[in-house]
Amino acid sequence: MTISSNHTNLRDIWYTMIGIPGLEDAHTWISIPICSMYIVAVVGNILLLFLIFTERSLHEPMYLFLSMLALADIFLSTVTTPKMLAIFWFQDGGISFGCCVSQMFFLHFIFVAESAILLAMAFDRYVAICYPLRYTTILTPSVIGKMGIASVIRSFFICFPLVFLVYRLTFCRRNIIHHSYCEHMGIARLACDSIKVNIYYGVIVALFSTCLDVVLIIISYALILRTVFRIPSQDARLKALGTCGSHVCVILLFYTPAFFSFFAHRFGGHNIPLHVHILLANLYVVIPPTLNPIIYGVKTKQIQEKFMQVFSMSKKLC
């Protein structure tokens, strides 16, 4: 690709990510909680995966979907956090255009896939409460596997066009990214060309993937509540709602900062300081993966019991 002296060949472009603009002096202190949460996220989700796959009593639809969520959380935090810590600790913000686009793709790919997994978990709760006698016949291992594959395929076809939308742009010699990781609009805004197509596609993706997932989740819970409030026994109602508690917490943890970041990025950029926006974006990729296994560990009796069994066995071996 031949370009004028005012532009740079894509293969030669190197970006410098500066971390959190305006808080460079605090990078070391900010890195401590982020590193701690990353370690807890990886260890906690790996432990959750270990418990689910080694304990036959946890081979139920709810826990199989939970294992997908745990795997997505490990990938989400690992795609971004190591490079983030390298910036905070060693000022190593250099990244090639190809690596930056790869990080962008996997970040958005995992986010869309995780949104689909949360929708599948809402469907799981809907079937468990509204059709309890048909629960295991509807959500068979084969159906669960197909739902997981469908989540990955959907995410791939939604996010792969982002790579072409970025590669079609002509880039000037601006190479400073005011962020700790690469994301679609952050790269696109460094281009000399019009990025209207990138903006429109980003909005369409948000509306017809993430927002659609949220609408379907809300519909699922509306149907769940309708069924629950028809149960005559108050204890039975509370028990049914209790099975949804962990999932609702995880949903709020996942979508609330995501929508805040999305709307702030497009409509509130002048009202919200850049360092606040970037700091929240950094915390977003570590806080949900850190808290998800803790939420399910605290609120799910079966996981608590299996964890205590493994913990007591390890103590005996020591």
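**A tour of the disulfide and a helix pair**

A search of the whole structure, which is a predicted model, turns up 1 disulfide. Let's start there.

Select C100 and C182: a disulfide joins the two, with an S to S distance of 1.9 Å. Look along the S-S bond and you will find a left-handed link, at -110° about that bond. Now show the secondary structure around the pair. C100 sits in helix α3, while C182 belongs to the loop between β3 (176-177) and α6 (184-188), so the link ties together parts that are 82 residues apart in sequence.

Next, select C130, which is in no disulfide; the nearest cysteine sulfur belongs to C244 and is 9.0 Å away. C130 counts as buried because its relative accessibility, 18%, is under 20%.

Move on to C249. Its sulfur is 11 Å from the closest cysteine sulfur, the one in C244, and that is too far for a bond. C249 is partly exposed, with a relative accessible area of 32%.

The crossing of the two helices is left-handed. Colour the contact of α2 with α3 by residue class and you will see 17 nonpolar, 2 polar and 5 charged residues.

Technical notes
Residues are numbered from 1 along each chain as its sequence is written. This is a predicted model: local features need pLDDT of at least 70, side-chain atom pairs count only at pLDDT 80 or more; totals for chains, interfaces and linings use all residues. Side-chain values use heavy atoms; hydrogens and water are left out. A crossing is left-handed if the near helix is turned anticlockwise from the far one by less than a right angle, and right-handed if clockwise. Helices (H or I, at least four residues) and strands (E, at least two) are DSSP runs, numbered from the N terminus. Ala, Val, Leu, Ile, Met, Phe, Trp, Tyr, Cys and Pro count as nonpolar, Asp, Glu, Lys and Arg as charged, and the others, Gly among them, as polar. A disulfide is a pair of cysteine sulfur atoms within 2.5 Å. Buried means under 20% relative accessible area, exposed over 50%, partly exposed in between (1.4 Å probe, protein chains only).
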